[in-house]
Amino acid sequence: MMVADLTWPEAGEHSGAILAVPVGATEQHGPHLPLSTDTDVAVALCTRLAALRPDVFVAPAVAYGASGEHAGFPGTLSIGRAALELLIVELCRSATDTFPRVLIVSGHGGNLDPLRAAVDLLRTESRDVRMYLPNYAGDAHAGRSETSLQLALAPHRVQADRAEAGDTRPLGQLLPLLRSGGVRAVSPNGVLGDPTGATAEEGAALLNQLTTDLTSAVRHWWPDAP
């Protein structure tokens, strides 16, 4: 189910498949979570979808996104909105030569606008490209939800002893400050929420919820698929 494991003749044998492209980010996630957290979630969802559907293959992850709001934290690697949009446009133009249906799964909310612009353009070119962004209630960034997800995916990569609350105000109150000064302006530790109390069990339940949601979305977009 991993495209990178195929030879080109094998890829040709699956030319009618759906290609799921995980798009994440390499950005700070507080003092306790790895920089790859958003990418890890996107990869997990694509892999789970492929395990449920034999017509889905998973592309290598795009591990860089539009993460400008996390500037000022060591380790954040952002390519910006324009570059991300162009990358996805060109990637999907190439991908649709083999796979007529492409699914973009983004693990980073900051990717939304450039991904939406890319998908809109691709669809005007009559390319069957869709985008899925996980939607769930919880802390905005590196809080209980994301910490629980990472505990479910790779507990050895969570430094639980460093988990601490950041700015816990609702996202609606923070947005004007985030737009003007980024995360650093409101949270010195990079956390928007409170990761304390996160559990692997909570993360596994959330992963199951998101997998069900993603599977339903794909079935809605491509009802003729098995």
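Q: Is arginine 127 buried, exposed or partly exposed, and how does one read this?

A: The model is a predicted one. Arginine 127 has a relative accessible area of 25% and is therefore partly exposed, because that label covers values between the limits of 20% and 50%.

Q: Which side chain does arginine 127 meet in a salt bridge?

A: The general idea is to look for a side-chain nitrogen of Lys or Arg within 4 Å of a carboxyl oxygen of Asp or Glu. Here the partner of arginine 127 is glutamate 125, with 2.8 Å from N to O. Glutamate 125 is also partly exposed, at 28% relative accessible area. Through shared partners, salt bridges link Glu90, Arg93, Glu125 and Arg127 into one network.

Q: Which residues form salt bridges with aspartate 128?

A: Aspartate 128 pairs with arginine 123, their closest N and O atoms lying 3.5 Å apart, and with arginine 130, at 3.9 Å from N to O. Aspartate 128 is partly exposed, with 25% relative accessibility. Arginine 123, at 36%, is partly exposed, and so is arginine 130, at 24%. The count of salt bridges comes to ten.

Q: How many bridges pair strand E1 with strand E3?

A: Six bridges join E1 (residues 18–23) to E3 (residues 101–106) in the parallel sense. As one example, valine 21 has isoleucine 104 in E3 as its bridge partner.

Q: Which residues have the most contacts inside the largest nonpolar core?

A: In soluble globular proteins, nonpolar side chains tend to be buried together. Here the largest nonpolar core has 22 residues, and those with the most contacts inside it are Val21, Val23, Ile88 and Ile104. At least two residues of this core come from each of E1, helix H3 (80–95), E3 and H4. H3 gives the most, with five residues. Beyond its neighbours within four places in sequence, isoleucine 88 is in contact with Val23, Ile104, Leu115, Ala118 and Leu122. A second, separate core has 20 residues, including Leu45, Val56, Tyr132 and Leu206.

Q: How many disulfides are there?

A: One compares the distance between two cysteine sulfur atoms with a limit of 2.5 Å. The count here is zero. For cysteine 46, the nearest cysteine sulfur belongs to cysteine 92 and is 12 Å away, so cysteine 46 is in no disulfide. Cysteine 92 is likewise in no disulfide, the nearest cysteine sulfur being that of cysteine 46.

Q: Are cysteine 46 and cysteine 92 buried or exposed?

A: Cysteine 46 is buried, at 0% relative accessible area, and cysteine 92 is buried, at 1%.

How values were computed. Residues numbered from 1 in each chain as written. Predicted model: local features only at pLDDT ≥ 70, side-chain atom pairs only at ≥ 80, totals over all residues. Heavy atoms only, no water. Buried < 20%, exposed > 50% of the residue type's maximum accessible area, 1.4 Å probe, protein only. Pairing = 2+ DSSP bridges. Helix = DSSP H or I, 4+ residues; strand = E, 2+ residues; numbered from the N terminus. Core = buried A, V, L, I, M, F, W, Y, C linked by side-chain atoms within 4.5 Å. Contact = heavy atoms within 4.5 Å.
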